[in-house]
Amino acid sequence: MFHCQYTGKLVILSAPSGAGKSTIVKHLLKTFPRLEFSVSATSRAPRGTERNGVEYYFLSPEEFSKAVERGEFVEWEEVYAGTCYGTLCTELERIWSKGNVIIFDVDVKGGIRLKEIFGDKALSIFIMPPSIEELRSRLIGRGTDAPEVIERRIQKAETEISYCHKFDRIVVNDRLEEAVEEVTTLIRDFIG
Ligand code: ADP
Ligand code: 5GP
């Protein structure tokens with residue numbers, strides 16, 4: 001069981017890749033000064049302009065396994081074959097010790113797991129794409145993934161969508177401004 005010296009609230013945003021959760025999180029961080037992004041650890045190498053401690057804590061696969069063995073993760077998962085991601089206990093302590101609310105951008109399994117761990121301390125929101133076709137066109141438009149990676153993400157999305165009922169709230173990201181508004185209201189009600 002996870003123990004932390006400090007505790008506080010947390011907001012979990014999960015979605016199939018390409019549904020727009022990073023875009024929505026960026027807006028939320030501007031609106032809520034008390035909201036602080038939980039930086040996950042990953043065993044993959046940095047891409048492009050990614051910096052250690054900003055987008056992720058980049059660990060080698062060996063370092064990641066050692067941290068798992070030492071019980072340093074609240075939750076972790078092999079999100080893609082051979083690539084692990086997880087939330088370090090020290091990251092939660094870092095944010096809660098400042099009296100801030102944690103915002104998570106994790107995959108659907110991770111989001112469900114975090115909600116199970118933190119219960120009423122957590123608000124979990126599923127960001128739903130308007131359709132699979134729109135999800136595909138957003139992934140193509142984002143231009144960060146090869147066609148076969150996009151197809152893998154789409155296949156995964158279909159399974160992920162079938163778990164949406166496990167979240168406290170579902171917000172459809174059709175028109176971005178409306179989705180941001182809806183999520184903002186949910187968070188305002190939750191953190192007060
Ligand atoms: P995720 O973090 O869920 O993988 P992103 O936030 O990277 O998704 O969004 C995927 C792509 O879709 C980005 O290019 C983003 O600009 C675009 N996008 C996000 N929300 C919308 C929307 N409501 N309508 C159209 N395009 C969107
Ligand atoms: P990438 O950044 O490599 O494109 O994708 C990362 C994927 O892993 C996304 O689906 C993201 O939501 C998920 N992810 C990031 N951090 C964590 C984490 O700490 N735990 C879990 N379970 N998933 C994570």
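Predicted model: local features only at pLDDT ≥ 70, side-chain atom pairs only at ≥ 80, totals over all residues.

Reader: Why is Thr-144 called exposed?

Author: The relative accessible area of Thr-144 is 53%. Exposed requires over 50%, so Thr-144 is classed as exposed. Thr-144 lies in the loop between helix H5 (132–142) and helix H6 (147–161).

Reader: What makes the pairing of the side chains of Thr-144 and Arg-142 a polar contact?

Author: The distance is 3.1 Å, and the cut-off is a pair of N or O atoms within 3.5 Å; the pair therefore qualifies. The side chain of Thr-144 also makes a polar contact with the side chain of Asp-145, at 3.2 Å. Adjacent residues count only if both atoms are side-chain atoms, and here the contact joins two side chains.

Reader: Which residues of H5 and H6 meet?

Author: From H5, they include Leu-135, Leu-139 and Arg-142, and from H6, Ile-150, Ile-154 and Ala-157 are among them. By class, this contact has 8 nonpolar, no polar and 5 charged residues. The helix axes come within 10 Å and cross at roughly 140°, and the crossing is right-handed.

Reader: What places Arg-142 and Asn-173 within polar range of ligand 1?

Author: An N or O atom in the side chain of Arg-142 is 2.9 Å from an oxygen atom of ligand 1. For the side chain of Asn-173, the corresponding distance to a nitrogen atom of the ligand is 2.8 Å. The limit is 3.5 Å, so both pairs fall within it.

Notes. Residues numbered from 1 in each chain as written. Chains lettered and ligands numbered in written order. Heavy atoms only, no water. Helix = DSSP H or I, 4+ residues; strand = E, 2+ residues; numbered from the N terminus. Buried < 20%, exposed > 50% of the residue type's maximum accessible area, 1.4 Å probe, protein only. Polar contact = N/O pair within 3.5 Å; in protein donor to acceptor, adjacent residues only side chain to side chain. Axes fitted to C-alpha atoms, helices over the stretch in contact; angles between N-to-C directions. Left-handed = near helix turned anticlockwise from the far one by under 90°. Contact = heavy atoms within 4.5 Å. Nonpolar A, V, L, I, M, F, W, Y, C, P; charged D, E, K, R; others polar.
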